[in-house]
Amino acid sequence: MKNLVIVESPSKSKTIEKYLGGDFKVVSSKGHIRDLATSGKFGLGIDLDNDFKPNYIAIKGKSKTITELKKLAKESDMVYLASDPDREGEAISWHLLDVLKLKNNYSRVVFNEITKPAVEEAFKHPRLIDDNLVKSQETRRMLDRMIGFRLSKLMQSKTSGKSAGRVQSVALKLIVDREREIEAFIPEEYWTITAKFDEFDSTLFKYKDDELKINNEAEANEILNKLSDKFKVESIEEKEKKRTSRPVFITSTLQQAAVNKLNYSASKTMRIAQKLYEGVDLGSETVGLITYMRTDSTRLSPLFIDETFKFIEKNYGKEYVGYVKKSKRNENVQDAHEGIRPTSINRTPESVKQYLTNEEFKVYKLIYDRALSSLMADSKYLQTTIILDNNDYKFKSSGSVILFDGFLKTYQDNEEDDNKLPNLKGVDVITSNEILSDQHFTKAPARYSESSLIKELESLGIGRPSTYATIIDTLKSRDYVVLEDKKFVPTAIGFETTDKLQEFFSNIINVEYTANMEKDLDDIAEDKKDNIKVLRDFWNIFEDEVEDAFSNMEKKKAEETGEVCPECGSPLVKRNGRYGEFVACSNYPSCKYIKKEEKEVKEICDCPKCGGKIIEKTTRKGKVFFGCSNYPKCKVATWDLPNGEVCPKCGELLVVKKEGIKCSSCDYEK
């Protein structure tokens, strides 16, 4: 056998072997073949006294694969290491090089897409392993092992938490900090005044030249009394503006868009994208439909740009052909990647739909439409602002009209304002139908959703986008957070773990330190920093703090309730779970008894819908609300206390509010 090619994934190997022909045998390492051992000091698999030398062993279940690869390598004249085109892939190739004892009979080849032209071109430009990329990945792995092993053991011995991690714990801190912001938030009252006309509304924003804030109903009524129904048209401003399409997806923006548009989790999106990248059988050929999906770059190949410009001109017209966007280079952009795009713009979503599952089609269409729109012309719109005057009170209306849709023809981002205003040129005075005042309250900052958390992590430079899905899954599986209305809410364990880590490791488990560590890893990859010095500087600070925490962190005790377990006779103790405190057997996990709390049912009134009873209930977080005893058959519920009466207008419950008795549904006020 002349040439052996080793890739990561078995699904790639058959496709690539077809491209390369009979002189090549393509096999798979099935991902990493080695990892750090769990031997040595603290089980780190790192010789801390010998320049942090790693001790690698075969991953469980990979011994057979390694044996087979060794045999094939010995039979081959040349071995091509073709793992993924990122630092992780570079490290896999290095491990293969080391384990298979390859010398001068190897080459490293990389390609960003699995298509015949891309693979053939890659084999024309083989190179050696990039040691700096390997050192960067190795340093990341050792830092994660040091922090993960030491802090997880600490958390398990001192708290209800199960694990801690370099990026995971910072992500949890963001969620916990946001929850505390929400809890501490005090709403402020404000009012708005709106004039309603036949074709549009206009909102009060100024008195003479001063910005106006209306604090209460009395102030609103005072202003209303000074207004007439006649409004002078003070100014009409029209500006032609452009809106530029967004660049192709990178890993983080793909995950965000899939959450928002498809309701797919980050981990699900990455699984689907992996399949689209590795190859799909289209009947006449097997081909990767998208480029590599773990990337921080928005670059596009000249071939794709040229092909797409021709496609746009042919299918939409010359006026729709756009331009290549200049990249606002992020500090963390890896290597020489491209953005996530279809491997051919001519392979439209509809043309391959029959070969894809529904989920694969949706993700491919999302990627395809975004890439196509990124090279289309700007949209143009006319933005109009009308200022009206009523006794020196200034009202404003804004709207826009699309003049040329441009890229919006293929990709909508829910950011377009098409609120058309009437033509008031030549009109001096207009009459309103009514002028209304409305009460509002400022809102607390929103909890993080999966999409907004990913966006925040990326903007802060924390971790790698390719790891965000795993981090989020870990936070959920460790019971540190729960999802309520698709938003992250920290559990009691999440609060406890964060507080303990901040008590002893606030200088390490924070946004700035974690982002700087990412910069160090980038510098190692670019041969600007010594990896051993980075490890030594970290360990010298970190281990002293860990030892201090083991000695001085107060251990959380499971308080006994004075009761015994009805199943095994062991004492019952108070524990913390994802929904707060509960009582369970101290002999867990041998005995898994959990005491069910029987709460007194507090009846409020009859249910107006089904004849059941409205009773006092609590959410999982302990917040009181009032709902029907026949739930889920009857879903009558309200946050406010019902007074036992029903609304004469709509038949719903009347409830007690600070300002009086009001309907829980309509605008009726008693």
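**Briefing: a predicted chain of helices and strands**

Pro632 lies in the loop that runs between strand S26 (624-628) and strand S27 (637-638). The model is predicted. Its protein chain contains 17 helices and 30 strands, and 48% of its 670 residues count as buried.

**Whole chain**

- The C-alpha trace of the protein chain spans about 90 × 80 × 50 Å along its principal axes.
- Among contacts in the protein chain with a separation of 6 or more, 67% come from residues 24 or more positions apart.
- The protein chain exposes about 34,300 Å², and 47% of that area is supplied by carbon and sulfur atoms.

**Helix H10**

- Helix H10 covers residues 302-316, which is 15 residues. At 1.5 Å a residue it should span 21 Å, and its end C-alpha atoms are 21 Å apart, so expectation and model agree.
- The buried residues in H10 are Phe304, Ile305, Thr308, Phe311 and Ile312. These residues lie on the same side of H10 because they cover an arc of only 130 degrees around the axis.
- An α-helix has 3.6 residues a turn, so residues three or four places apart point the same way.
- Helix H12 (358-374) is included in what covers the buried residues of H10.
- Pro302, Leu303, Lys310 and Lys314 are exposed, on the face of H10 turned away from its buried side.
- Just after H10 comes Gly317, with a positive phi of about 115 degrees.

**Helix H15**

- Helix H15 has 14 residues, 492-505.
- H15 is mostly covered, with ten of its 14 residues buried.
- The buried residues of H15 include the phenylalanines Phe495, Phe504 and Phe505. Glu496 and Lys500 are also among the buried residues of H15.
- Ile493, Gly494, Thr497, Thr498 and Leu501 complete the list of buried residues in H15.

**A buried loop residue**

- Thr115 sits in the loop between strand S8 (106-108) and helix H4 (116-122).
- The relative accessibility of Thr115 is 7%, so Thr115 counts as buried, the cut-off being under 20%.
- Leaving aside residues up to four places away in sequence, Thr115 touches Tyr19, Val287, Gly288 and Thr343.

**Backbone exceptions in loops**

- Most residues other than glycine have a negative phi, and most peptide bonds are trans.
- The peptide bond joining Tyr631 and Pro632 is cis, with omega at about 10 degrees.
- Asn391 is not a glycine, yet its phi is positive, at about 55 degrees. Asn391 belongs to the loop between strand S15 (379-390) and strand S16 (393-404). With 46% relative accessibility, Asn391 counts as partly exposed.
- Lys486 is another residue other than glycine with a positive phi, here near 65 degrees. The loop that holds Lys486 runs between strand S19 (481-484) and strand S20 (487-490). The relative accessible area of Lys486 is 56%, so Lys486 is exposed, the cut-off being over 50%.

Methods: Residues are numbered from 1 along each chain as its sequence is written. This is a predicted model: local features need pLDDT of at least 70, side-chain atom pairs count only at pLDDT 80 or more; totals for chains, interfaces and linings use all residues. Side-chain values use heavy atoms; hydrogens and water are left out. Helices (H or I, at least four residues) and strands (E, at least two) are DSSP runs, numbered from the N terminus. The expected span of a helix is 1.5 Å times one less than its number of residues. Buried means under 20% relative accessible area, exposed over 50%, partly exposed in between (1.4 Å probe, protein chains only). The arc is that of the directions from the helix axis to the C-beta atoms. Contact means heavy atoms within 4.5 Å. Accessible areas come from the Shrake-Rupley method with a 1.4 Å probe; for residues, only the protein chains shown count as cover.
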